[in-house]
Amino acid sequence: MPSSLSSKEVSAMIKQGFIPFTSSPSSTSTFSSPQTLFQIMSNHNNRLKLQGRLSKLLQQPPFGGDVKLTVVSRDGFKVSMDVHKSVLGDKSRFFAEKLRGESGISHSVEISDCDDVEIYVEVVVLMYCEDLKMRFRFMGENVSKVLSLLKVSEAIMFDLGVASCLEYLEAIPWTEDEQEEIIAQLGHLQLHDSASKVLLRVSSDPSTAARADDIFSTLISGVLQAKDDKARREMKALISRLLKEDASNNSNRIDVSKDTLYHLCHRCINSLVLCLSEATSTEERPDRGGLMSEINREADNIQWIVDILVGKKMGDEFVKIWADQKELARLHSKVPTIYRHEISRITAQLCISIGRGHILVSKEIRFSLLSTWLEPLYEDFGWMRRASRTVDKKLVEDGLSQTILTLPLLQQQAVLMNWFDRFLNKGDDCPNIQKAFEIWWRRAFIKNYSPEHDNSQLQIAICDYPS
């Protein structure tokens, strides 16, 4: 006898993507554009392949029971199979409810409007399988296929099938695309605790999860102290890329505290002072090359942290810290250029960020920065340009120009007149900031702005009007 469902039950199953009905499907007239010959042949070939896969599936279990189960796709393609009521009832709580009654009575069940007939048939085949774990192992299905099996198993309340799909998903590796697909699909299914176990690799309990700040501090400290230069460069690039990815998505999920970053900055600056002090000492050091490497490493570490600070919109305070390094600047002047030129890249980095508006500090701090470090930058510029392929000469010159032009006009004049004399003597070994010089000249002598004082007095008249 045909299986019968109420309209409410049909509606509930529609929401789950599983749509049974009792009699023949209703026919509706649809109008679509005519298919090309290629589309017709392609559809025919796909249908033949599907029939071949279905034939193999239907040969596996011992079919021939007392329930005729028909699965119909949305385009009308149908597959019928005789299955055992006892198997359906034992494995599926849905079928157990719909097929309960006297034994020995034949049933006919039709499932229509299926998204994928093959998936529904395969789920029925799985009900006959004694060792689902082993079957999944041999099937080696991809994530999309297993999620489809999971969706149908959950719809018909095939609990063992659901558990097997989840166990398989939990055990196999995922690509990032598959990860997104799994998260989305499990979010739609009502699996609760079972799904949460699968998602443990992408989620954690906030109460037990390690703070991002602690992890980040450990990682960056490890990079700063790394002994292998190649590995250090690779990990620096990796962490920087991940932080920039977080910033570009505007997620700010990586909660790195400013205190942590500035603590690391101070530590690197102190190490740099010690290195320069040792380099200026009267005692001869046999491994001068090793000392140069230490100075370059500490300077490079500071550049990296400053880059992170600027990316996190936290770099303003560092400008004042760097401007106040009078002792470091004094030691810098006593060390040969070959050892120290990496330090001046920090100043160039700050000028570039100021020039782009990524760092916002007062004019007093900007002038203090140039007062302390502009001369060392001039002295090291030639070495910076020749010794490092990563230094963009134009970028440094533009950043320096923009920083100078943010100063009051008289300070611009003092800085640029000093540059003019130096450039005449050093040429290419001095930054070429002619553009800034031209703008200052026009500001000072051609388009001079003189604020006019308005001596007029505002008068307010109050009039009373008769009510």
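Modeller: Quick definition before we start: the expected span of a helix is 1.5 Å times one less than its number of residues. Keep in mind that this is a predicted model.

Biologist: How far apart are the end C-alpha atoms of helix α21, and what should the helix span?

Modeller: Helix α21 covers residues 434–446, which is 13 residues. At 1.5 Å a residue, the helix should span 18 Å. That agrees with the distance between its end C-alpha atoms, which is 17 Å.

Biologist: Where do the buried residues of α21 sit around the helix axis?

Modeller: The buried ones are A436, F437, W440 and A444. Looking down the axis of α21, they fall within an arc of 100 degrees, so they line one face of the helix. On the other side, K435 and I446 are exposed. So the buried residues of α21 line one face.

Biologist: Over to strand β2: which strand runs parallel to β2?

Modeller: Strand β2 (residues 67–73) is mostly covered, with 6 of its 7 residues buried. Strand β3 (residues 78–83) is joined to β2 by 6 bridges, but those two run antiparallel. Another 6 bridges join β2 to a strand at residues 107–114, with L69 opposite V109. The parallel partner is β4.

Biologist: Which residue in the turn between β2 and β3 has a positive phi?

Modeller: These strands form a hairpin with 4 residues between them. Across the pair, T70 stands opposite S80 in β3. In the turn, the residue with a positive phi, about 95 degrees, is G76.

Key:
Residues numbered from 1 in each chain as written. Predicted model: local features only at pLDDT ≥ 70, side-chain atom pairs only at ≥ 80, totals over all residues. Heavy atoms only, no water. Buried < 20%, exposed > 50% of the residue type's maximum accessible area, 1.4 Å probe, protein only. Arc of directions from axis to C-beta. Pairing = 2+ DSSP bridges.
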